[in-house]
Amino acid sequence: MKISVFGSGGWGTAVAKLLFENGHDVILWSKFEKEVETLNTLRENPLLKGVIIPSGIKITTNADEATDRINFAVIATPSFAVAETAALIKNKLPRDCIVVCVSKGIEKDTSLRFSVILRETLGDRVKLASLSGPTHAEEVGRQIPTACVVASEDIAIAEQVQDVFMNDYLRVYTSTDVIGVELGAALKNIIALGAGISDGLGFGDNTIAMLMTRGLAEMAELCVALGGKKQTLAGLAGLGDLIVTCTSQHSRNRRAGVLIGKGVEVQEAMRQVGAVVEGYYAAKAAHELSHKVGIDMPICEEAYKVLYEGKSALSALKDLMSRSKRQEWDSGEENWVG
Ligand SMILES: NC(=O)c1ccc[n+]([C@@H]2O[C@H](COP(=O)([O-])OP(=O)(O)OC[C@H]3O[C@@H](n4cnc5c(N)ncnc54)[C@H](O)[C@@H]3O)[C@@H](O)[C@H]2O)c1
(Lines give C-alpha, C1' and ligand atoms only; values in the text may rest on other atoms or scores of the structure.)
Protein backbone atom coordinates (compact mmCIF):
# COMPACT_ATOMS: atom_id res chain seq x y z
CA MET A 1 0.00 0.00 0.00
CA LYS A 2 1.05 3.59 -0.57
CA ILE A 3 0.55 5.49 2.68
CA SER A 4 1.29 9.04 3.83
CA VAL A 5 1.40 10.14 7.44
CA PHE A 6 0.51 13.80 7.93
CA GLY A 7 2.12 15.26 11.04
CA SER A 8 5.71 14.50 12.01
CA GLY A 9 5.57 14.76 15.79
CA GLY A 10 6.39 11.82 18.03
CA TRP A 11 3.27 9.84 17.12
CA GLY A 12 3.36 10.51 13.37
CA THR A 13 6.98 9.37 13.33
CA ALA A 14 6.26 6.16 15.27
CA VAL A 15 3.25 5.36 13.06
CA ALA A 16 5.24 5.97 9.87
CA LYS A 17 7.95 3.62 11.15
CA LEU A 18 5.40 0.93 12.06
CA LEU A 19 3.71 1.12 8.65
CA PHE A 20 7.07 0.96 6.88
CA GLU A 21 8.02 -2.10 8.96
CA ASN A 22 4.70 -3.63 7.88
CA GLY A 23 5.97 -3.48 4.29
CA HIS A 24 4.23 -0.36 3.01
CA ASP A 25 5.53 2.47 0.88
CA VAL A 26 5.52 5.37 3.39
CA ILE A 27 5.85 9.15 3.19
CA LEU A 28 6.06 11.28 6.35
CA TRP A 29 4.72 14.79 5.71
CA SER A 30 5.57 17.82 7.83
CA LYS A 31 4.33 21.37 7.50
CA PHE A 32 7.75 22.72 8.36
CA GLU A 33 10.85 22.77 6.08
CA LYS A 34 13.14 23.09 9.07
CA GLU A 35 11.66 19.97 10.63
CA VAL A 36 12.06 17.98 7.40
CA GLU A 37 15.68 19.09 7.24
CA THR A 38 16.30 17.96 10.84
CA LEU A 39 14.54 14.62 10.37
CA ASN A 40 16.39 13.94 7.12
CA THR A 41 19.74 14.81 8.67
CA LEU A 42 19.33 12.98 11.99
CA ARG A 43 16.95 10.20 10.84
CA GLU A 44 15.64 10.56 14.37
CA ASN A 45 12.87 12.76 15.75
CA PRO A 46 14.05 14.93 18.68
CA LEU A 47 10.57 14.27 20.18
CA LEU A 48 11.27 10.52 19.99
CA LYS A 49 14.88 10.10 20.96
CA GLY A 50 16.60 6.82 20.17
CA VAL A 51 14.07 5.68 17.56
CA ILE A 52 15.74 5.51 14.15
CA ILE A 53 13.59 6.52 11.16
CA PRO A 54 14.26 3.93 8.43
CA SER A 55 15.95 5.42 5.37
CA GLY A 56 13.17 4.05 3.15
CA ILE A 57 10.65 6.54 4.60
CA LYS A 58 10.52 9.67 2.48
CA ILE A 59 10.12 12.88 4.51
CA THR A 60 8.71 15.94 2.79
CA THR A 61 6.70 19.16 3.08
CA ASN A 62 5.29 18.63 -0.41
CA ALA A 63 1.57 17.88 -0.03
CA ASP A 64 1.16 17.08 -3.75
CA GLU A 65 3.83 14.40 -3.53
CA ALA A 66 2.37 13.11 -0.25
CA THR A 67 -1.10 12.69 -1.72
CA ASP A 68 -0.10 11.29 -5.10
CA ARG A 69 -1.89 7.95 -5.69
CA ILE A 70 -1.96 7.05 -2.00
CA ASN A 71 -4.29 4.35 -0.64
CA PHE A 72 -4.16 5.58 2.96
CA ALA A 73 -3.70 9.01 4.58
CA VAL A 74 -2.95 8.99 8.30
CA ILE A 75 -3.73 12.24 10.15
CA ALA A 76 -1.31 12.49 13.09
CA THR A 77 -1.03 16.21 13.83
CA PRO A 78 -1.83 17.76 17.21
CA SER A 79 -5.57 18.47 17.53
CA PHE A 80 -5.20 22.17 16.75
CA ALA A 81 -3.86 21.33 13.27
CA VAL A 82 -6.25 18.55 12.17
CA ALA A 83 -8.75 20.88 10.44
CA GLU A 84 -5.97 22.89 8.80
CA THR A 85 -4.21 19.77 7.52
CA ALA A 86 -7.48 18.31 6.19
CA ALA A 87 -8.16 21.56 4.32
CA LEU A 88 -4.67 21.43 2.79
CA ILE A 89 -5.14 17.95 1.32
CA LYS A 90 -8.87 17.92 0.62
CA ASN A 91 -8.65 18.43 -3.13
CA LYS A 92 -5.56 16.29 -3.53
CA LEU A 93 -6.64 12.97 -2.00
CA PRO A 94 -7.51 10.20 -4.45
CA ARG A 95 -11.15 9.08 -4.47
CA ASP A 96 -11.81 6.20 -2.01
CA CYS A 97 -8.58 6.87 -0.13
CA ILE A 98 -8.89 5.70 3.50
CA VAL A 99 -8.19 8.51 5.95
CA VAL A 100 -7.22 7.23 9.40
CA CYS A 101 -7.17 9.80 12.18
CA VAL A 102 -4.73 8.87 14.97
CA SER A 103 -4.78 12.31 16.64
CA LYS A 104 -6.53 12.40 19.99
CA GLY A 105 -8.66 15.37 20.94
CA ILE A 106 -11.62 17.53 20.09
CA GLU A 107 -11.42 20.54 17.77
CA LYS A 108 -10.73 23.49 20.03
CA ASP A 109 -12.89 26.15 18.35
CA THR A 110 -15.97 24.05 17.60
CA SER A 111 -15.82 21.13 20.10
CA LEU A 112 -16.41 18.82 17.13
CA ARG A 113 -14.96 15.31 16.92
CA PHE A 114 -12.29 14.86 14.26
CA SER A 115 -14.36 12.48 12.11
CA VAL A 116 -17.03 15.18 11.87
CA ILE A 117 -14.45 17.78 10.85
CA LEU A 118 -12.84 15.38 8.38
CA ARG A 119 -16.16 14.42 6.78
CA GLU A 120 -17.18 18.09 6.50
CA THR A 121 -13.84 19.06 4.98
CA LEU A 122 -13.04 16.03 2.82
CA GLY A 123 -16.58 15.18 1.71
CA ASP A 124 -17.79 11.72 0.62
CA ARG A 125 -14.86 10.97 -1.68
CA VAL A 126 -12.85 9.37 1.10
CA LYS A 127 -13.43 6.65 3.72
CA LEU A 128 -12.85 7.49 7.38
CA ALA A 129 -11.54 5.64 10.42
CA SER A 130 -10.28 6.64 13.88
CA LEU A 131 -7.57 4.72 15.72
CA SER A 132 -6.85 4.98 19.44
CA GLY A 133 -5.66 3.07 22.50
CA PRO A 134 -2.72 2.79 24.90
CA THR A 135 -0.02 3.61 22.34
CA HIS A 136 2.71 5.89 23.62
CA ALA A 137 4.95 6.74 20.67
CA GLU A 138 8.06 6.15 22.80
CA GLU A 139 7.04 2.47 23.22
CA VAL A 140 5.47 1.76 19.82
CA GLY A 141 8.62 3.26 18.25
CA ARG A 142 10.63 0.60 20.13
CA GLN A 143 8.29 -2.22 19.11
CA ILE A 144 7.04 -2.74 22.68
CA PRO A 145 3.80 -4.77 22.49
CA THR A 146 0.42 -3.10 22.90
CA ALA A 147 -3.07 -3.01 21.38
CA CYS A 148 -5.43 -0.40 19.99
CA VAL A 149 -8.87 -0.14 18.42
CA VAL A 150 -9.83 1.24 15.03
CA ALA A 151 -13.38 2.45 14.54
CA SER A 152 -15.29 3.18 11.39
CA GLU A 153 -19.03 3.34 10.75
CA ASP A 154 -18.34 0.70 8.07
CA ILE A 155 -16.73 -2.36 9.68
CA ALA A 156 -15.15 -3.31 6.33
CA ILE A 157 -13.12 -0.08 6.42
CA ALA A 158 -12.05 -0.75 10.02
CA GLU A 159 -10.93 -4.23 8.92
CA GLN A 160 -8.82 -2.78 6.11
CA VAL A 161 -7.09 -0.47 8.58
CA GLN A 162 -6.63 -3.41 10.96
CA ASP A 163 -4.86 -5.34 8.19
CA VAL A 164 -2.54 -2.45 7.42
CA PHE A 165 -1.57 -1.54 11.00
CA MET A 166 -1.54 -4.88 12.83
CA ASN A 167 1.75 -6.70 13.44
CA ASP A 168 3.47 -8.70 16.15
CA TYR A 169 3.84 -5.69 18.47
CA LEU A 170 0.55 -3.89 17.75
CA ARG A 171 -2.71 -5.81 18.04
CA VAL A 172 -5.54 -3.91 16.36
CA TYR A 173 -9.19 -4.50 17.30
CA THR A 174 -12.11 -3.16 15.26
CA SER A 175 -15.24 -1.27 16.28
CA THR A 176 -18.08 0.65 14.67
CA ASP A 177 -18.42 3.04 17.63
CA VAL A 178 -16.57 6.03 16.20
CA ILE A 179 -18.10 8.39 18.79
CA GLY A 180 -16.96 6.23 21.72
CA VAL A 181 -13.44 5.76 20.40
CA GLU A 182 -12.96 9.46 19.62
CA LEU A 183 -14.42 10.68 22.90
CA GLY A 184 -12.42 8.16 24.94
CA ALA A 185 -9.24 9.35 23.23
CA ALA A 186 -9.97 12.99 23.95
CA LEU A 187 -11.45 12.87 27.44
CA LYS A 188 -8.87 10.63 29.12
CA ASN A 189 -6.29 13.38 28.68
CA ILE A 190 -8.27 15.63 31.04
CA ILE A 191 -8.31 12.93 33.72
CA ALA A 192 -4.54 12.44 33.19
CA LEU A 193 -3.99 16.14 33.83
CA GLY A 194 -6.02 15.71 37.02
CA ALA A 195 -3.98 12.66 38.04
CA GLY A 196 -0.78 14.65 37.48
CA ILE A 197 -2.15 17.56 39.51
CA SER A 198 -2.94 15.15 42.34
CA ASP A 199 0.63 13.82 42.24
CA GLY A 200 2.03 17.34 42.13
CA LEU A 201 0.02 18.20 45.23
CA GLY A 202 1.64 15.23 46.96
CA PHE A 203 -1.44 12.99 47.16
CA GLY A 204 -1.19 9.23 46.77
CA ASP A 205 -1.97 6.21 44.63
CA ASN A 206 -5.45 5.95 46.14
CA THR A 207 -6.23 9.45 44.87
CA ILE A 208 -5.10 8.53 41.35
CA ALA A 209 -7.24 5.37 41.43
CA MET A 210 -10.23 7.44 42.56
CA LEU A 211 -9.70 9.99 39.76
CA MET A 212 -9.31 7.27 37.13
CA THR A 213 -12.37 5.29 38.22
CA ARG A 214 -14.68 8.24 38.73
CA GLY A 215 -13.17 9.93 35.67
CA LEU A 216 -14.11 6.93 33.57
CA ALA A 217 -17.66 7.17 34.92
CA GLU A 218 -18.08 10.74 33.76
CA MET A 219 -16.35 10.04 30.44
CA ALA A 220 -18.85 7.22 29.84
CA GLU A 221 -21.80 9.39 30.77
CA LEU A 222 -20.86 12.08 28.24
CA CYS A 223 -20.09 9.45 25.63
CA VAL A 224 -23.55 7.87 25.97
CA ALA A 225 -25.25 11.29 25.98
CA LEU A 226 -23.52 12.09 22.68
CA GLY A 227 -24.50 8.79 21.03
CA GLY A 228 -21.49 6.56 21.83
CA LYS A 229 -21.48 3.18 23.57
CA LYS A 230 -20.62 2.76 27.22
CA GLN A 231 -18.74 -0.49 26.61
CA THR A 232 -16.31 1.29 24.28
CA LEU A 233 -15.15 3.28 27.30
CA ALA A 234 -14.43 -0.01 29.12
CA GLY A 235 -12.14 -0.98 26.22
CA LEU A 236 -8.77 0.03 24.83
CA ALA A 237 -9.80 3.53 23.74
CA GLY A 238 -11.28 4.25 27.18
CA LEU A 239 -9.98 2.36 30.20
CA GLY A 240 -6.86 1.10 28.40
CA ASP A 241 -5.72 4.54 27.35
CA LEU A 242 -6.85 6.08 30.64
CA ILE A 243 -4.60 3.73 32.63
CA VAL A 244 -1.52 4.45 30.55
CA THR A 245 -2.10 8.20 30.32
CA CYS A 246 -2.68 8.60 34.04
CA THR A 247 0.28 6.49 35.13
CA SER A 248 2.99 6.55 32.47
CA GLN A 249 6.19 8.56 32.62
CA HIS A 250 5.64 9.27 28.90
CA SER A 251 2.32 11.11 29.37
CA ARG A 252 2.66 14.83 28.65
CA ASN A 253 -0.78 15.47 30.11
CA ARG A 254 0.23 13.84 33.36
CA ARG A 255 3.58 15.70 33.36
CA ALA A 256 1.84 19.05 32.79
CA GLY A 257 -0.53 18.21 35.65
CA VAL A 258 2.33 17.42 38.02
CA LEU A 259 3.87 20.84 37.31
CA ILE A 260 0.52 22.61 37.83
CA GLY A 261 -0.01 20.68 41.07
CA LYS A 262 3.40 21.91 42.22
CA GLY A 263 2.30 25.49 41.61
CA VAL A 264 3.70 26.18 38.12
CA GLU A 265 1.41 28.50 36.12
CA VAL A 266 -0.63 26.64 33.45
CA GLN A 267 0.91 28.14 30.27
CA GLU A 268 4.40 27.80 31.73
CA ALA A 269 3.71 24.13 32.60
CA MET A 270 2.72 23.43 29.00
CA ARG A 271 5.79 25.27 27.74
CA GLN A 272 8.01 23.16 29.98
CA VAL A 273 6.42 19.92 28.72
CA GLY A 274 7.45 21.04 25.22
CA ALA A 275 4.91 19.00 23.21
CA VAL A 276 1.16 19.22 22.74
CA VAL A 277 -0.85 18.84 25.99
CA GLU A 278 -4.16 17.74 24.47
CA GLY A 279 -6.01 17.64 27.81
CA TYR A 280 -5.81 21.42 27.94
CA TYR A 281 -7.93 21.77 24.79
CA ALA A 282 -10.14 18.78 25.64
CA ALA A 283 -11.04 20.31 29.02
CA LYS A 284 -12.60 23.31 27.28
CA ALA A 285 -14.50 21.06 24.87
CA ALA A 286 -15.74 18.81 27.71
CA HIS A 287 -16.86 21.89 29.64
CA GLU A 288 -18.88 23.12 26.64
CA LEU A 289 -20.29 19.72 25.62
CA SER A 290 -21.29 18.65 29.15
CA HIS A 291 -23.12 21.94 29.73
CA LYS A 292 -24.83 21.62 26.36
CA VAL A 293 -26.21 18.13 27.08
CA GLY A 294 -26.73 18.68 30.83
CA ILE A 295 -24.23 16.11 32.13
CA ASP A 296 -22.39 16.50 35.40
CA MET A 297 -18.63 15.97 34.87
CA PRO A 298 -17.13 17.00 38.21
CA ILE A 299 -13.49 16.05 37.58
CA CYS A 300 -13.38 17.53 34.07
CA GLU A 301 -15.14 20.64 35.33
CA GLU A 302 -12.66 21.17 38.16
CA ALA A 303 -9.80 20.63 35.69
CA TYR A 304 -11.39 23.27 33.45
CA LYS A 305 -11.53 25.74 36.34
CA VAL A 306 -7.86 25.15 37.17
CA LEU A 307 -6.76 25.40 33.53
CA TYR A 308 -8.93 28.32 32.37
CA GLU A 309 -10.19 30.20 35.42
CA GLY A 310 -7.14 30.30 37.66
CA LYS A 311 -8.67 28.13 40.41
CA SER A 312 -6.05 26.67 42.71
CA ALA A 313 -5.37 22.95 42.28
CA LEU A 314 -5.82 22.33 46.01
CA SER A 315 -9.26 24.01 46.11
CA ALA A 316 -10.29 21.96 43.07
CA LEU A 317 -9.35 18.68 44.82
CA LYS A 318 -11.08 19.82 48.03
CA ASP A 319 -14.26 20.75 46.14
CA LEU A 320 -14.29 17.34 44.46
CA MET A 321 -14.06 15.61 47.84
CA SER A 322 -16.84 17.66 49.41
CA ARG A 323 -19.48 17.13 46.72
CA SER A 324 -22.87 15.92 47.95
CA LYS A 325 -23.24 12.22 48.77
CA ARG A 326 -24.04 9.90 45.87
CA GLN A 327 -24.65 6.24 45.17
CA GLU A 328 -22.04 4.72 42.89
CA TRP A 329 -24.52 3.37 40.32
CA ASP A 330 -27.92 4.62 39.27
CA SER A 331 -30.96 2.88 40.75
CA GLY A 332 -31.12 0.41 37.85
CA GLU A 333 -27.52 -0.58 38.70
CA GLU A 334 -26.67 -0.23 35.02
CA ASN A 335 -25.13 3.17 34.73
CA TRP A 336 -22.33 4.92 36.49
CA VAL A 337 -23.40 8.22 37.97
CA GLY A 338 -21.11 11.22 37.45
N1 LIG B 1 2.83 10.95 21.40
C2 LIG B 1 2.11 9.88 21.60
O3 LIG B 1 2.54 8.94 22.25
C4 LIG B 1 0.74 9.77 21.00
C5 LIG B 1 0.15 8.51 20.93
C6 LIG B 1 -1.13 8.42 20.38
C7 LIG B 1 -1.79 9.56 19.93
N8 LIG B 1 -1.19 10.76 20.02
C9 LIG B 1 -1.92 11.92 19.51
O10 LIG B 1 -1.39 12.24 18.24
C11 LIG B 1 -1.42 13.67 18.04
C12 LIG B 1 -0.02 14.15 17.76
O13 LIG B 1 0.76 13.85 18.91
P14 LIG B 1 2.33 13.96 18.93
O15 LIG B 1 2.76 13.31 20.17
O16 LIG B 1 2.90 13.48 17.64
O17 LIG B 1 2.45 15.54 19.06
P18 LIG B 1 3.78 16.40 19.05
O19 LIG B 1 3.64 17.46 20.07
O20 LIG B 1 4.96 15.51 19.07
O21 LIG B 1 3.62 17.08 17.62
C22 LIG B 1 4.40 18.17 17.30
C23 LIG B 1 4.43 18.22 15.81
O24 LIG B 1 3.16 18.63 15.28
C25 LIG B 1 3.36 19.18 14.01
N26 LIG B 1 2.60 20.42 13.88
C27 LIG B 1 2.59 21.47 14.75
N28 LIG B 1 1.80 22.44 14.26
C29 LIG B 1 1.33 21.98 13.07
C30 LIG B 1 0.47 22.54 12.09
N31 LIG B 1 -0.08 23.75 12.24
N32 LIG B 1 0.19 21.79 10.99
C33 LIG B 1 0.72 20.56 10.82
N34 LIG B 1 1.55 19.98 11.72
C35 LIG B 1 1.84 20.70 12.83
C36 LIG B 1 4.84 19.47 13.88
O37 LIG B 1 5.37 18.52 12.98
C38 LIG B 1 5.38 19.24 15.27
O39 LIG B 1 6.67 18.69 15.28
C40 LIG B 1 -2.01 14.25 19.32
O41 LIG B 1 -3.39 14.45 19.13
C42 LIG B 1 -1.77 13.17 20.36
O43 LIG B 1 -2.73 13.19 21.40
C44 LIG B 1 0.07 10.89 20.54
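I took helices (H or I, at least four residues) and strands (E, at least two) as DSSP runs, numbered from the N terminus, and I counted two strands as paired if DSSP finds at least two bridges between them. The model is predicted: local features need pLDDT of at least 70, side-chain atom pairs count only at pLDDT 80 or more, and totals for chains, interfaces and linings use all residues. Residues are numbered from 1 along each chain as its sequence is written, and side-chain values use heavy atoms, with hydrogens and water left out.

**Entry 1**

I looked up the strand order and found an open sheet of 8 strands, 3-2-1-4-5-6-7-8, with mixed pairing. Strand 3 (58–60) and strand 8 (170–175) are the edge strands, each pairing on one side only. From one strand to the next the twist averages 25°; axes here are lines fitted to C-alpha atoms, for helices over the stretch in contact, and angles run from 0 to 180 degrees between N-to-C directions.

I then examined strand 4 (residues 72–75) and strand 5 (residues 98–101), which pair in the parallel sense over 4 bridges. Phe-72 has Ile-98 in strand 5 as its bridge partner.

**Entry 2: helix 8 on the sheet**

Which strands does helix 8 lie across? Helix 8 (residues 178–200) lies across strand 6 (127–132), strand 7 (146–151) and strand 8, and runs at about 45° to strand 6. Contact means heavy atoms within 4.5 Å.

**Entry 3: salt bridges**

I counted a salt bridge where a side-chain nitrogen of Lys or Arg is within 4 Å of a carboxyl oxygen of Asp or Glu. The count by this rule is 17 salt bridges. For accessibility, buried means under 20% relative accessible area, exposed over 50%, and partly exposed in between (1.4 Å probe, protein chains only).

Lys-58 and Glu-65 form a salt bridge, with the closest N and O atoms 2.7 Å apart. Lys-58 is partly exposed at 41% relative accessible area, and Glu-65 is partly exposed at 26%.

Glu-182 forms a salt bridge with Arg-113, the closest N and O atoms being 2.7 Å apart. Glu-182 lies in helix 8 and Arg-113 in the loop between strand 5 and helix 5 (114–122), so the pair ties together parts 69 residues apart in sequence. Glu-182 is buried at 7%, and Arg-113 is buried at 18%.

Lys-188 and Asp-241 meet in a salt bridge at 3.5 Å, N to O. Because Lys-188 lies in helix 8 and Asp-241 in helix 11 (residues 236–247), this pair ties together parts 53 residues apart in sequence. Both residues, Lys-188 and Asp-241, are buried.

Finally, I noted a network of salt bridges that links Glu-302, Lys-305, Lys-311 and Asp-319.
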